[in-house]
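Biologist: Before we start, please show me the chain. I will then ask what the words used for it rest on.

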Amino acid sequence: MVKKISIIDAKNHVDEEVKIGVWLTDKRSSGKISFLQLRDGTAFFQGVVVKSQVSEAVFQLAKDVKQESSMWVTGVIHEDTRSHFGYEIEISDIELIGDSSEYPITPKEHGIEFLLDHRHLWLRSKRPFAIMKIRNEIIRASYEFFNQEGFIKMDPPILTGSAPEGTTELFHIEYFDNDAYLTQSGQLYAEAGAMAFGKVFTFGPVFRAEKSKTRRHLTEFWMIEPEMAFTTQDESLEVQEKYVAYLVQNVIDHCAYELKLLDRDVDQLKKYTKTPYPRISYDKAVEMLQAADFDIKWGDDFGAPDETYLSDQFEQPVFILNYPKAIKPFYMKPHPTRDDVYLCADLLAPEGYGEIIGGSERETDFDKLEAEIKAMGLDLEEYQWYLDLRRYGSVPHSGFGLGLERAITWICGIDHLRETIPFPRMINRIKP
């Protein structure tokens with residue numbers, strides 16, 4: 001009986017006859033030979049059908065089969081050094097499973113908006129295939145890293161009554177007779193976890209009610225948010241750079257095929273595995289921008305062009321330290337020798353990809369934190385549980401959040417953040 005395998009396992013079955021369930025992505029014919037481009041969800045490779053080696057019915061089917069039709073193909077695996085995959089199958093038999101007709105995503109060029117509108121089908125193509133596989137590897141490596149470092153995972157609520165960074169960019173919903181919001185961060189809950197377990201991390205969807213259509217913003221994305229008790233900001237920065245370097249190295253080690261599909265320069269990625277990463281103060285960053293004739297003054301937040309310029313001055317990710325209080329959230333700890341900045345940092349990715357991590361040491365003083373909550377105009381009653389963390393055995397603690405999609409965009413070297421989300425346009429198909 002012929003053995004069923006996946007395309008990704010072809011290297012283990014050279015010169016063997018196998019059977020594979022596949023979809024057709026493209027085809028061409030030279031008259032006596034048909035070349036079928038095939039995929040099965042694990043990889044893409046070529047099937048060759050030689051007219052003189054198969055029945056007339058099989059060769060005719062190879063010529064007639066439509067894009068994205070599904071089928072069983074039987075044949076012998078051969079090495080193919082000319083292809084990106086390295087192997088192909090010489091097909092002896094084809095069994096059609098599911099026919100396809102007028103598939104909307106043809107091999108011709110399509111605009112990004114068209115492809116996103118057909119995301120449920122575009123996922124089948126090489127580019128999103130590679131991006132989703134790398135996304136999966138980054139998630140896998142994140143769990144591995146934090147488990148190895150002694151963290152435990154905690155799951156914060158998606159519906160919340162409080163807002164870590166204010167309510168202006170939150171999605172409001174009615175939760176029975178109460179106001180609630182889709183969470184913008186799991187951080188406050190992670191702080192509670194850190195007071196119980198020392199080191200925790202959360203990983204889940206977060207939401208921003210921003211009507212931004214830039215390539216750097218999403219309304220729904222995923223955040224990885226570690227929180228560490230008995231940890232200073234400097235110690236947190238060491239964890240951050242170690243974590244990012246670990247992610248990049250694991251993508252290099254486990255996604256070579258996918259990086260090749262994306263034409264990503266692996267030698268460039270290798271630079272990002274070297275730590276420590278450079279660090280400059282917010283003050284220095286403003287000076288650098290002003291010297292380059294950017295229209296910016298101390299106290300302004302950085303926009304995309306600012307971050308791009310700053311990151312272009314370094315060959316690795318760069319930490320920007322100690323931002324002004326006015327542009328950062330209330331829960332951060334003030335600098336010990338200055339009253340105008342926080343002990344915080346953003347990590348800017350190279351190549352113009354912007355901020356991928358934001359983090360800080362947290363305020364531990366009950367009275368100061370309560371005053372900040374009041375100053376923000378937030379409902380103090382909603383934050384009593386958060387203040388309890390300062391009432392009962394407060395300790396120095398720090399944490400950060402990595403935006404998964406921004407990290408994927410940078411590591412993959414792609415332009416559009418929306419490409420990193422499996423189904424970014426499906427909300428448009430929900431009818432009221």
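Modeller: Leaving aside neighbours within four places in sequence, Lys3 is in contact with His13, Glu17, Val18 and Lys19, where contact means heavy atoms within 4.5 Å. The model is predicted, so local features need pLDDT of at least 70 and side-chain atom pairs count only at pLDDT 80 or more, while totals for chains, interfaces and linings use all residues. Residues are numbered from 1 along each chain as its sequence is written, and side-chain values use heavy atoms, with hydrogens and water left out.

Biologist: Where is Lys3 found?

Modeller: Lys3 is found in strand 1 (residues 3–4). Helices (H or I, at least four residues) and strands (E, at least two) are DSSP runs, numbered from the N terminus. The chain has 13 helices and 17 strands.

Biologist: Why does Arg362 count as buried?

Modeller: Buried means under 20% relative accessible area, exposed over 50% and partly exposed in between, with a 1.4 Å probe and protein chains only. Arg362 has 3% relative accessibility, so Arg362 counts as buried. Of the 432 residues of the chain, 49% count as buried.

Biologist: What makes a polar contact between the side chains of Arg362 and Glu227?

Modeller: A polar contact is a pair of N or O atoms within 3.5 Å; within protein, one must be able to donate a hydrogen and the other to accept it, and residues adjacent in sequence count only if both atoms are side-chain atoms. The side chains of Arg362 and Glu227 make such a contact at 2.8 Å. A polar atom of the Arg362 side chain also lies 3.3 Å from the backbone oxygen of Gly399. Arg362 itself sits in the loop between strand 16 (354–361) and helix 11 (366–375).

Biologist: What makes helix 9 roughly perpendicular to helix 10?

Modeller: The axes of helix 9 (residues 282–291) and helix 10 (residues 304–312) cross at roughly 95 degrees and come within 10 Å. Angles of 65 to 115 degrees count as roughly perpendicular, under 35 as roughly parallel, over 145 as roughly antiparallel and the rest as oblique. Therefore helix 9 is roughly perpendicular to helix 10. Ala285, Met288 and Leu289 of helix 9 make the contact with Asp306, Tyr309 and Leu310 of helix 10.

Biologist: How do you know that the span of helix 4 agrees with its 23 residues?

Modeller: The expected span is 1.5 Å times one less than the number of residues. For helix 4 (residues 126–148) that gives 33 Å, and its end C-alpha atoms are 33 Å apart, so the two agree. Just after helix 4, Gly150 takes a positive phi of about 90 degrees.

Key
Axes fitted to C-alpha atoms, helices over the stretch in contact; angles between N-to-C directions.
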